[in-house]
Each structure stands twice: as C-alpha cells, then as structure tokens.
Amino acid sequence: MIEIVNINKTYETGNKALRGINITIEDGEFVFIMGKSGSGKSTLLHLLLKEVESTSGSIVVNHMNLQKMPRRYVPKYRRTLGVVFQDFRLLRDRNVFENVAFAQRVVGASSRAIRESVPEMLKLVGLSAKYKSLPHQLSGGEQQRVAIARALINRPEVLLADEPTGNLDHENAIEIMKLLAQINALGTTVVVVTHSQEIVEQMGKRVITMERGQVVSDEIKGGDIHEN
Amino acid sequence: MRISTFFYCLKQGMISICRNIWFSLASIATISACIFLFCLFFTVAYNVQYMVKHAESTVGISVLFDEQLTDPEIQAIGDQIGGRTEVKDMHYVTAEDAWDSFKQEYFAGNEELAEGFAGDNPLAGSASYEIFLYDIDSQEGFVQYLLGLSGVRQVNYSNTAIAGFSTLSKVVGILSLVIIGVLLAVSVFLINNTISVAAAFRKNESKIMRLIGATNFMIRAPFLVEGVLIGLLGAAIPLVGMYFLYNHAVEYMVQQFRLFSEIIVFVPAGQIYPLMIGVALLLGVGIGFFGSFFTIRKYLKV
C-alpha cells in the first residue's frame, strides 16, 4: 500500500513541484499518473524512489515511512520496488540474460538463483529466444521488455514505470501495456507515469491526473485492453 | 559477501582497467615509480641501519688507564662506567690478555719472534676496558665523559665512518620521506583521475544499481577493486626490478669497497626482501584503495 499524505516539494530554485498531494494506492492496484510536462508527476516518482526528499508531508510505502527512513535502509527499501524508464537504461555491453541477471547480481543473489530465475522471467516477458542478444540487436519494444524483466527479477511489491511507452510506436506501446497488466494480474502493484491519453483511455484503469503540482482528478477511465 | 559477488566485482574491476587502459597504465606507472623509489630508499636506509648496528656490536671503545693505577682502582672506575645507561656491554682486558691477543694477531706463524719478550710484557700498564654502546650516536658524548674521568689515560674509538653512517642514515630518511610524499600525492591524483573516468563511464550502470537497491558498498566495490588491482600491479613491477637490482648492486658495492669490508656489510637479500615485499604491496594496495575510495565517495551517493 502506498499512502501519500499532504506532500509538498519545493526545489532549491524555488520551483514548487508538488502542492499538497494526497494519494492512496492499494496493494495490487494498477494506477496511471497522468499530466503534462512540469505537472509534478516525475517528481512524485522520484519521491517514491527516495531519490529526492519532500519538503513536507509523509509517504508510507508498504508500512515504511520514507521521511523517517535512515539512509542505510534506502537500498533495502528500493529492493521492494521495480523501476522502468522511458529510455530503457539497459547496459549496452551486456546481453539480455546479463542485463536481467545484473539486477540480481548487485543485490547479492547467488549464481544458482540467477540461473533459475532469469530464464523464468525472460519467458514471462516473451524473450526466451533472445537471451543472447545485445540491446542494440533488439527493437524498442523488446528492449523495454528486458527492462521490465530486470525490474521484476527481484520480485518487487511495486513496479514504478516512468513513461514506459514514451519511446515506442503505438503497437509496441500496447504490447508493453498488456505486459504490465499481466504483471499486475499476478499481484504486483503497478504505477505508470505517462502523458499518453490514448494509452490511458484503452486501459480502463485508475487514472490520477496532475496539473501544476496538484491532483486535479482521480478516476477510473477509458475502455478496456485485452490481456492474453 | 558471496564468492560469486566477489568474482563479479573482480571481473568488473578488470574490465574497467582494460576499458580505460591508458589512464590505468599511467596510474600503474606512477605508483611503480613511487614504490620503486620507496624500495630504493628502503634498502639504503635498512642497510645503513644494519651497518650502524653491525658497527655498534663490533666497533668498541677502548679505555686505557694511568699506569700507576692498581687493578682494584681500575675495576672501581669500570664499575662507574658500567653503571651508565649508554653501555650495552663491556669487558675488562688485562695487560696479559692484551699481550696474548697482540701476539696472536701479529706473530701468528712466527711465534719464535715473541720469545724474545719472554717474561716481559711490553704491554704492561695497558689494562683496558672494551666498551660497546647501545646507540652509536651517543659515542661522542660518552667519549668526552670517559676522558673526564680521573685515572683515564687514553680513549681509543672510531669517530669517522660511524659518524658518517649515522648522518647518512638521517639524510636518507628525510630525503626518502620527502620524495615518497610527493610521489604518493601524484599517485593518488592519478588514481583519482582514473577512477573518475571509470565512474563517468559507468554512471548509467551505477545509477541503475542504486535504483535497484544495491548498497553503497556494492556500487563502490568494482571501483575499489580497480584501484587495488592498479596498486598491486604498480607494486609488483618495482619489486621484480628490485629483486634483480639488489643482488647486482650489493655485489658491485662489495667489490668497490673491499677495503672497508669490516664496516660496510649488506643485509642479505633473503632477509630484506620479504619485509620489502610486504611493505611495498601494502603501500600499493593502500594508494589504490584510498585513492579510489575517496574519489568514488564524491560520485556515488544513495
């Protein structure tokens, strides 16, 4: 569960990025956070990742209060999150398998655990056949699938996706959304930051719209997307 | 830390060295120069110390007394001298002992020549104390003390080579510290540059690691490994060089200073080398570790 209570964020430049934000996201929910550039949605994501600190208010994620969390617990907290970026952020010199394994390697997982779980995760995202490919040998959609596999490999409770379809064509964007919906169906809470109205309309999920650092609407929107 | 994690960090460190090979080579070369000079001064300082110690245990001070003094009077002065804190060891040499020693040294093989002195000790009145000090540096002051004692006729000691050793030892020590200090600073600066380049190269990777939940230690480990490997390589090269150089240098010096073979004695390679390896490797690893540690702290924060 994510509880954001009266969060304000003012940067050192004086820019008020967030003003009195209140959001509650239940376990297993699929939520879009929508808004134009400068609406504060990315700042919200950075706060959830504990990359920046709020000016006031509180954020509790899975019973962990981020404002009271000592720095040494931050890595442990982040292991409960998975994160996907618009630009994929894959390691160019490593193949698909190694990119996914990387996330387990850096949190100290055993080689055996890596050998067992990476193929399983690649199967989930439909990339089993391409495990030896380097990122530049993959399409944008495939690269984002690798990034999703990497985000999920440590079995996070929450998946945060920052404009995951921003660099993809419509067809690939829909495929990625289907995959995220599938992951959500397996029990992972999914929070997607996007500015694509089209995608949001098709998903029929909860949509929180932000404008100038404030929540202006919070509703179930759109139609439906068919999951395989 | 798991063994697989350790090998992962090791592999990443090696990859990073190869990726920034020129920076790495520059760092290795500077550390090598630093440690080579360290080894050079270390061997000189160690040998000088060795020679001083050798001299302290082999070159003594002889104190001769007025001829009219009786044995008990001489022994009373001896007790007074023996009570001094500078004295490491001393023994009494009677006039007879002195004559026997002289005969052995100068009439060996021609004992019949000494027969002419039968019953007559030409060194009568030459009873003396042979004194060895803890610290050769205190010799000059101690000699002045002896000369001031009533009943002391003469004090024999070597004041040239030993004093020279002592001064040389101090000069070498100070010079070593200054040069090593400068080279250490250059080495740390170059390690800093190498690790900064590596950190910039792996910025994306480090950021992903951070967001995935890698600990600071895990993020820093490959850079620390890189620094330590550079330090180890930087130490290994001069150690190999010194291994060959030392024996040749000692051989050459022994040939050149054969006349002073009693004073100029060198530490055997087998004795000096293990200590030098330990210190040089520690120095290399230290430069690499701390150089990279402080650099990477600037770049990687949770």
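Modeller: Across strand 3, strand 7 (158-162), strand 8 (189-194) and strand 9 of chain A lies helix 1 (residues 41-48) of chain A, which runs at about 145° to strand 7 of chain A. This is a predicted model, in which local features need pLDDT of at least 70 and side-chain atom pairs count only at pLDDT 80 or more, while totals for chains, interfaces and linings use all residues. Residues are numbered from 1 along each chain as its sequence is written, with chains lettered from A and ligands numbered from 1 in the order in which they are written.

Colleague: What makes a stretch a helix or a strand?
Modeller: Both are DSSP runs, numbered from the N terminus: a helix is H or I over at least four residues, a strand is E over at least two. Angles run from 0 to 180 degrees between the N-to-C directions of axes, which are lines fitted to C-alpha atoms, for helices over the stretch in contact. Helix 6 (residues 170-185) of chain A lies across strand 3, strand 7 and strand 8 of chain A, at about 155° to strand 8 of chain A.

Colleague: Which strands of the six-strand sheet of chain A stand at the edges, and why?
Modeller: The order of this open sheet is 6-7-8-3-9-10, with mixed pairing. Strand 6 (81-84) and strand 10 (214-220) of chain A each have a single partner strand, so one side of each is left without a neighbour in the sheet. On average, neighbouring strands of this sheet are turned by 15° against each other, direction ignored.

Colleague: How do you know that strand 3 and strand 9 of chain A are joined?
Modeller: Two strands pair if DSSP finds at least two bridges between them. Strand 3 (residues 30-35) and strand 9 (residues 206-211) of chain A run parallel and have five bridges, so they count as paired. A:Gly35 stands opposite A:Met210 in strand 9 of chain A.

Colleague: What is the order of the four-strand sheet of chain A?
Modeller: This open sheet has the order 2-1-4-5, with antiparallel pairing. Its edge strands are strand 2 (16-25) and strand 5 (64-65) of chain A, each pairing on one side only. Strand 4 (residues 56-61) and strand 5 of chain A pair over two bridges, and A:Val60 has A:Asn65 as its bridge partner. Strand 1 of chain A has five bridges to strand 4 of chain A and six to strand 2 of chain A. Helix 1 of chain A also lies across strand 1 (2-10), strand 2 and strand 4 of chain A, at about 65° to strand 2 of chain A.

Colleague: Is A:His63 buried or exposed, and why?
Modeller: A residue is buried if 20 or more other C-beta atoms lie within 10 Å of its own, exposed if 12 or fewer, and partly exposed in between, with C-beta atoms placed from the backbone. A:His63 has 7 such neighbours, so it counts as exposed. A:His63 lies in the loop between strand 4 and strand 5 of chain A, and its phi is near 70°, a positive value in a residue other than glycine.

Colleague: What makes a set of residues a nonpolar core?
Modeller: The members are buried Ala, Val, Leu, Ile, Met, Phe, Trp, Tyr and Cys residues joined through C-beta atoms within 7 Å. The largest such core here has 108 residues, and those with the most contacts inside it include A:Leu160 and B:Ile35. Its largest share, twelve residues, comes from helix 9 (residues 216-256) of chain B. Apart from it lies another core of eleven residues, among them B:Ile61 and B:Phe142.

Colleague: Where is the kink in helix 9 of chain B centred?
Modeller: The kink is centred on B:Pro222 and is about 35°, the bend at a residue being the angle between axes fitted to the seven residues ending there and the seven starting there.

Methods:
Two residues are in contact if their C-beta atoms, placed from the backbone, lie within 7 Å.
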